[in-house]
Amino acid sequence: MVATEKSDRTRLMGHSGIASIPSLAIGPYRVHFLSGGRFRLDGGAMFGVVPKAIWNRVAPADEKNRIRMGMNCLLIEGDGKRVLVDSGVGTKSDPKFTDIFAIERPEKLLEDLAVLGLMPEDIQTVACTHLHFDHCGGSTTRGGDGVVRTTFPKARYLVREQEWRDAHSANERNRASYMGPNYDPIEAAGQLVLHDGDVEILPGVWMKNLPGHTLGHQGVFFDIPGSRALYTVDLIPTVAHLPLPYIMGYDLYPLTTLETKRAVLREATREGWVLLLEHDPDHLAVRVSGTEQAVTFEKVA
Ligand SMILES: [Zn+2]
């Protein structure tokens, strides 16, 4: 891990006793990067209209045209609370699904939690950015009896109403991303809390609407003056997606993504935000500068 101290309020925690789980201090919060494992997605789908001759240089494809992806989830600690943001793909996948997406070590999410001395019961809130399988699959787990239950039995699960509706009325274009066993048991257990629009999950920390990938797609914005940071989720999944035209083929509303991204990067580069990246296999967080047309970045985790 490269420790680059850029400010005294947003910095790496370094190699302390819990150093095997990378973490950042953001204002009063400690943000741990829990790994939901690794997987691979088609490189063409990940870069939309950008030709392979170009994207293959920054994200080399394997023999099946897939690129390496992380599932970097956040555990935010502070204000006496613990909030998990997203949960990776989870452990319910059958062998065919596991092979198609080259899923590796999805069980690492709970292992990382255990390294921090925490059990699933210790999570008070699970914030679901959207309901695609690689973001909320770990929300539920299949037990030895074959029954799928919520993984975090004492948590309230926050889901945006728009996303919940869209997941339950999926069409031929987005159906493959939505799987009921990843979220329907949350409702059955009485742990589902639907909300609309932006919602404050901790003081100064917001689930923020970032439309384009889906209509209800959200990121997590740390609105802390001097330490602003944004978990960009599928708006900017990796550093390779920092240039404006690098927009995923998966996005339902790519031109909306473009405008969301332009607005985010304009402010982020001007103020030097730290962007926390959910899918980058090599960068957990980068500090951006430059302009939205020419973003430069420095790895901070
Ligand atoms: Zn997604």
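Student: Which residues are the protein donors of the zinc ion?

Tutor: A donor is an N, O or S atom within 2.8 Å of the metal. In this predicted model, the protein donors of the zinc ion are His130 through NE2, His132 through ND1, His213 through NE2 and Asp234 through OD, and they lie 2.1 to 2.4 Å from the ion.

Student: Is the site of the zinc ion tetrahedral or irregular?

Tutor: Four donors count as tetrahedral if all angles lie between 85 and 135 degrees. Here the angles among the four donor atoms run from 82 to 166°, and the site is irregular.

Student: How are the donor residues spaced in sequence?

Tutor: The spacing reads H-x1-H-x80-H-x20-D.

Student: Are His132 and Asp234 buried or exposed?

Tutor: Buried means under 20% relative accessible area. His132 is buried because its relative accessible area is 7%, and Asp234 likewise counts as buried, at 3% relative accessibility.

Student: Where is Glu292 found, and what is it in contact with?

Tutor: Glu292 is in the loop between strand S16 (285-291) and strand S17 (294-299), and at 12% relative accessibility Glu292 counts as buried. Leaving aside neighbours within four places in sequence, Glu292 is in contact with Leu244, Arg262, Leu265, Arg266 and Thr269, while a polar contact of 3.0 Å joins the side chains of Glu292 and Arg266.

Terms used. Residues are numbered from 1 along each chain as its sequence is written. This is a predicted model: local features need pLDDT of at least 70, side-chain atom pairs count only at pLDDT 80 or more; totals for chains, interfaces and linings use all residues. Side-chain values use heavy atoms; hydrogens and water are left out. Donors are N, O and S atoms within 2.8 Å of the metal (3.2 Å for Na, K and Ca); water is not among the atoms, so sites may look incomplete. Four donors count as tetrahedral if all angles lie between 85 and 135 degrees; four count as square planar and six as octahedral if opposite donors are over 155 degrees apart and all others between 65 and 115; anything else is irregular. Buried means under 20% relative accessible area, exposed over 50%, partly exposed in between (1.4 Å probe, protein chains only). Helices (H or I, at least four residues) and strands (E, at least two) are DSSP runs, numbered from the N terminus. A polar contact is a pair of N or O atoms within 3.5 Å; within protein, one must be able to donate a hydrogen and the other to accept it, and residues adjacent in sequence count only if both atoms are side-chain atoms. Contact means heavy atoms within 4.5 Å.
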